[in-house]
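Student: Hi, I'd like to go through a new model with you. Could you put it up?

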Amino acid sequence: MIFSKNYDDINSVYDFSEGIISDVRWENNTDLLISVCYFFDEPKGFQNKDITVRFKNCFSANFDYEKMMNSVQEFNIVNPHPEIEAFTIIKNNSRINVTVTTNFSDTIKISCESICIESKDC
């Protein structure tokens, strides 16, 4: 189920901070899906639900997991839980450029055509 097709809803209607990234995957070779365990109850009924942010028709996606991998090795972390600290979104012509920053200071940088917020089992 699609909840929003408006990328401006991220950071205004939906607050993904402190959400734990539970899955990152590609669908149809063009859409990057990031599943997040959502902690806030705004909007109502979303608390402790798995929400997926779909980045449609990606032009590029870069993943920097170096600090997370170093922490995994240094502290013997079996299952790292990257927690979202910030979504930075910049609209540039026909592209939306997004930077996802986590508690490991690692980032995911994405350039796509559009963004949807949907339930995980869409």
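Student: Which elements have the lowest and the highest mean pLDDT?
Tutor: Helix H1 (residues 66–75) has the lowest, at 83, and strand E7 (residues 95–102) the highest, at 95. The model is predicted, and pLDDT is the predictor's confidence in each residue, from 0 to 100. Helices (H or I, at least four residues) and strands (E, at least two) are DSSP runs, numbered from the N terminus.

Student: And what does the protein average?
Tutor: The average pLDDT is 90, and 98% of the residues score at least 70.

Student: OK, the fold. What pattern does the protein follow along the sequence?
Tutor: The pattern is β-β-β-β-β-α-β-β-β-β, from one helix and nine strands.

Student: What order do the strands take in the sheet of four?
Tutor: That open sheet runs E5-E8-E7-E6, with antiparallel pairing. Two strands pair if DSSP finds at least two bridges between them.

Student: Why is one side of E5 and of E6 left without a neighbour?
Tutor: Strands E5 (60–64) and E6 (84–92) stand at the edges, each with a single partner strand, so one side of each has no neighbour in the sheet.

Student: How many bridges join E6 to E7?
Tutor: Eight, and the two strands run antiparallel. As an example, Lys91 has Ile96 in E7 as its bridge partner.

Student: What about the sheet of five strands, what's its order?
Tutor: The order is E1-E9-E4-E3-E2, in an open sheet with antiparallel pairing. At its edges are E1 (2–4) and E2 (20–27), each pairing on one side only.

Student: How many bridges join E2 to E3?
Tutor: Seven bridges link E2 to strand E3 (residues 31–38), again running antiparallel. Trp26 has Leu32 in E3 as its bridge partner.

Student: Switching topic: how does the radius of gyration look for 122 residues?
Tutor: The protein has 14 Å, which agrees with the value near 14 Å for a compact globule of 122 residues. The radius is taken over C-alpha atoms, and the globule rule is 2.2 Å times the number of residues to the power 0.38.

Student: And what share of the residues is buried?
Tutor: Buried residues (under 20% relative accessible area, 1.4 Å probe, protein chains only) make up 37% of the 122.

Terms used:
Residues are numbered from 1 along each chain as its sequence is written. This is a predicted model: local features need pLDDT of at least 70, side-chain atom pairs count only at pLDDT 80 or more; totals for chains, interfaces and linings use all residues. Side-chain values use heavy atoms; hydrogens and water are left out. Buried means under 20% relative accessible area, exposed over 50%, partly exposed in between (1.4 Å probe, protein chains only).
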